[in-house]
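Please find below some numbered notes on the model. They cover helix packing and the domain layout.

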Amino acid sequence: MKPAASAFTTRSAAALADERLQRALADVPGGFVAGRARAKAALPEFEALRRTGRDIKDHALAHLDLYLEEFERNAAAAGSRVHWAATADDACNIVLDICRAAGARLVTKSKSMVFEEIGLNARLQAAALEVVETDLGEYVIQIRGETPSHLIAPAIHLGPDDIAEDFRRRHSHLAPDRDMSSPAALVAEARAILRPKFLGADVGITGANLLVAKAGSAIVVTNEGNADLTMTLPRVHIVLTSIEKVVPTLDDAWVLLRLLARSATGQEFTAYTTLVTGPRRTGDIDGPEECHVVLVDNGRSELLGSRMREVLRCIRCGACMNHCPVYCSVGGHAYGSIYAGPIGAVLSPALVGPHAAGELAQASTFCGRCEQVCPVEIPLVTLMRQWREVSFGDARPGRSKTLLRVWAFLAQRSRLYHAATRAGAALLHALARGRGAISRLPFADAWTRYRDLPAPQGQTFQAQWARRQRRQAP
Amino acid sequence: MTSQSQRPRVALFVTCLVDILRPSVGFAAVRLLEAAGCDVFVPRAQTCCGQPAFNSGDREAARALALQTIAAFEGYDYVVAPSGSCAAMLKIHYPRLVAGDAEASARARSFAERVHELVSFLVDVRKLGTVPGTFAGRVTYHDGCSGLRELGIKRQPRELIGHLAGARLVEMAETETCCGFGGLFCVKYPDISNAMVSRKTANVAAAEPDLLLSGELGCLMNIAGKLAREGSAVRCRHVAEVLAGEMAEPAIAEGDTRT
């Protein structure tokens, strides 16, 4: 009996058949991958910088409690209010309370994966708030009702034609025959739509790429400048981010920002890098009246004490996705998880449980390219393998587990193993009937559906070697 | 006798794929090792390195196979495997698998120090400067991911191909991208694996080689199987076969043309 196709398998089959998606994914190697390669080539100390980045994160994680408390003290001294959220639900409630207290009706947001992780939009909209995403890609997927398919390029699965269609549908008050043939026209239209939202928002919510303990600052980077408008124009600014973002000092932050931009897009530095340290001070010409920082745990403390701890080094650059042949074949939505690609395969089972997302760690060839490009040297293959160990322990005995057990039993008994492999090689050789390959084999359909199965030469090496040794023996 | 005793004693880790599917690769490895001045032994108690268990999350079975393999290869100067992924398993992952047990750990580390992938052993350790084989035509080389990234094997096979009289190395695009084999991945996720190998065979075709070589039989089974399905004229062989001049057997997935 064939096991039912998993949700991942079903989604990935659809993704492979989606020509538009495949065209969009085809641009990844020439864009992000080539960009990173150029940035790396231009910085001789890049590999050394990766090790420094890894050490900074490891140190911060080893003393996370101390640095978070230091951050809280210094942020409070600068006038921010720091809130602690143990769960996704707590985080949403804290944000809702702040919005209610501010009498908010319109909320602008600057892209953050943590918002997606905790399902913030749905909660805000359920409370009758108008929520507007201000990152262009994030705005596009918001009007499509989708989730991001990439850490830094949420609409990477779409082409300009898709976006033009969405804009025509959504912005129905504009002239239907307007020119939307260039990306510049699309950007201009989004800018015109978003500008009054920026100006009219009561609350602006941003994430943070880093928190600096010593300065009590949050650092937010964008290439569109939308975070700056989101945090400066409304009366209330909320920074909502996760606890592992904290580093000790600004010097540590610069190292990680240099790695982040190069690894993500191949830029030397992101276009806008903003430090947020409290609300508007006396004499400031702009800035919010209130600044809140919501620190979300949502399973991270538990990860910190586990074998998966190294995943918390992640600075969300997306390089592992861009270099992953599986991600580049099926795109981010096939993963069915907020975090996709190799980092998603490691992080998602930790956040939503191995039963819900454990399969993602199976969907890798372990080619290791993700580890090679990770700016903080997360051992992604090792961590995926550890999730496979969890799944193997939990799995009900099925066909593949039974086959693996039989194989392992034989492999631990060399005489029996050699007898079995002799028989197997002879059988497959006979099935090929003198041809070099078998084009269809019922029990190996997963292989022969797409490719021929090269036939064994007939006898095992061990059998031939033993004969040769006997002949040569005196 | 003196010169004989100075020859290093090399134990061949055959690998299960070579043992079952393509013994000619094993004999080619023996020939190359002998050409490099080694005495070659094939411990009978070896089976598989344990990657299928290790990468499926069955750590216990992988650990048992690690201990069995380490015991089977006691007493040799070197352990050499015609596969980057099996060599990486022996060299990098065995010590990690048995960490925690001080005695086994010490044995695994001393074992790991003696383990080498075939081609890098010939070049880096034995400084092999000539090879028995010849090949007249265009050759391209596929880097297996484990060998490339875990053991840093890239230059060595190309160096030896450079010694093949008549051969011209033509690089294909994306040589460092996975072919989609991935052990059990290719049968667990056949659709994605197919997308990956199709991209690989397109890159192979664009380079217009006569022969595709690799040090990894798993990748070769995948790529050769796909090329055969596509009706490609490109032949595929393990790099050891060509370097050793062991070309009597038909290429991978090629019918027997001798009859």
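**Notes on packing and domains**

1. In chain A, helix α10 (residues 160–170) and helix α11 (residues 183–200) have axes that come within 10 Å and cross at roughly 35 degrees. Helices are DSSP runs of H or I with at least four residues, numbered from the N terminus; axes are lines fitted to C-alpha atoms over the stretch in contact, and angles run from 0 to 180 degrees between N-to-C directions. The model is predicted: local features need pLDDT of at least 70, side-chain atom pairs count only at pLDDT 80 or more, and totals for chains, interfaces and linings use all residues. Residues are numbered from 1 along each chain as its sequence is written, and chains are lettered from A, with ligands numbered from 1, in the order in which they are written.

2. The α10(A)–α11(A) crossing is left-handed (the near helix is turned anticlockwise from the far one by less than a right angle). From α10(A), A:Pro160, A:Ile163, A:Ala164 and A:Phe167 meet A:Pro183, A:Leu186 and A:Glu189 of α11(A), where contact requires C-beta atoms, placed from the backbone, within 7 Å. These residues comprise 6 nonpolar, no polar and 1 charged (nonpolar: Ala, Val, Leu, Ile, Met, Phe, Trp, Tyr, Cys and Pro; charged: Asp, Glu, Lys and Arg; polar: the others, Gly among them).

3. A:Ser12, A:Ala13 and A:Leu16 touch B:Asp191, B:Ile192 and B:Ala195.

4. Chain A is assigned domain 1 (7–11 + 311–394), domain 2 (43–298) and domain 3 (399–472), with bounds from an automatic or database domain assignment. The C-alpha centres of domains 1 and 2 of chain A are separated by 23 Å.

Methods
Helices (H or I, at least four residues) and strands (E, at least two) are DSSP runs, numbered from the N terminus. Two residues are in contact if their C-beta atoms, placed from the backbone, lie within 7 Å.
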